[in-house]
Amino acid sequence: GKMRALRKTMTDVKQSLSSDIDTLKIKLLESESKREEAEKRRETAEKLRKEAESQAAKSKEEERVESNRKHELLAQKTDRLEHMLSLICKHLGDLEKPQAEEVEEEDAETTAMVKPKRSLKKSRK
């Protein structure tokens, strides 16, 4: 009877151990699954962080390029305005010069007209 009791106890222990091992295997699998999920979440978070940094860098670069473009356009407009202003000033200068020459010509004509009259008067005397 002792052998039988011993065998029964051994069988019970085996079943109990087998059951415990199964439980541990399930817990291990669940733990592994949770660890993998956590790892995936970390990877996703890292990917998102990198994408956000990349987007921020891209935005900064686009901002810099846009700023440079606006600066260049402003420089071009300024150059054009300076050029137009110099042309206007030159044109105004050109307008003033002929007037001065015309006045001199008129003076010369007037002098030429007046001188002969005087010389005529002198010759009459």
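This is a predicted model: local features need pLDDT of at least 70, side-chain atom pairs count only at pLDDT 80 or more; totals for chains, interfaces and linings use all residues.
User: What makes up the secondary structure of the protein chain?

Analyst: The protein chain has 1 helix and 0 strands. Helix α1 covers residues 2-124, and Arg-49 has its place there.

User: How much of the protein chain is buried, and what does that label require?

Analyst: Buried means under 20% relative accessible area. Of the 125 residues in the protein chain, 0% are buried. The chain exposes about 12200 Å², with 58% of that supplied by carbon and sulfur atoms.

User: Why is Lys-8 called exposed?

Analyst: The label needs a relative accessible area over 50%. Lys-8 has 54%, so it counts as exposed.

User: Why is Asp-12 called partly exposed?

Analyst: Partly exposed lies between the 20% cut-off for buried and the 50% cut-off for exposed. Asp-12 has a relative accessible area of 36%, so it is partly exposed.

User: What makes the pair Asp-12 and Lys-8 a salt bridge?

Analyst: The cut-off is 4 Å between a side-chain nitrogen of Lys or Arg and a carboxyl oxygen of Asp or Glu. For Asp-12 and Lys-8 the closest N and O atoms are 3.6 Å apart, so the pair qualifies. Both residues lie in helix α1, 4 residues apart, about one turn of the helix.

User: How do you know that Arg-49 forms a salt bridge with Glu-53?

Analyst: The closest N and O atoms are 2.4 Å apart, which is within 4 Å, so the pair counts as a salt bridge. Arg-49 and Glu-53 are 4 residues apart in helix α1, about one helical turn. Arg-49 is partly exposed at 38%, and Glu-53 is partly exposed at 47%.

User: Why is the link between the side chains of Arg-49 and Glu-46 called a polar contact?

Analyst: A polar contact needs a pair of N or O atoms within 3.5 Å, one able to donate a hydrogen and the other to accept it. The contact between Arg-49 and Glu-46 is 2.5 Å, so the distance meets the cut-off.

User: How many salt bridges does the structure hold?

Analyst: The structure holds 8 salt bridges.

Definitions and conventions
Residues are numbered from 1 along each chain as its sequence is written. Side-chain values use heavy atoms; hydrogens and water are left out. Helices (H or I, at least four residues) and strands (E, at least two) are DSSP runs, numbered from the N terminus. Buried means under 20% relative accessible area, exposed over 50%, partly exposed in between (1.4 Å probe, protein chains only). Accessible areas come from the Shrake-Rupley method with a 1.4 Å probe; for residues, only the protein chains shown count as cover.
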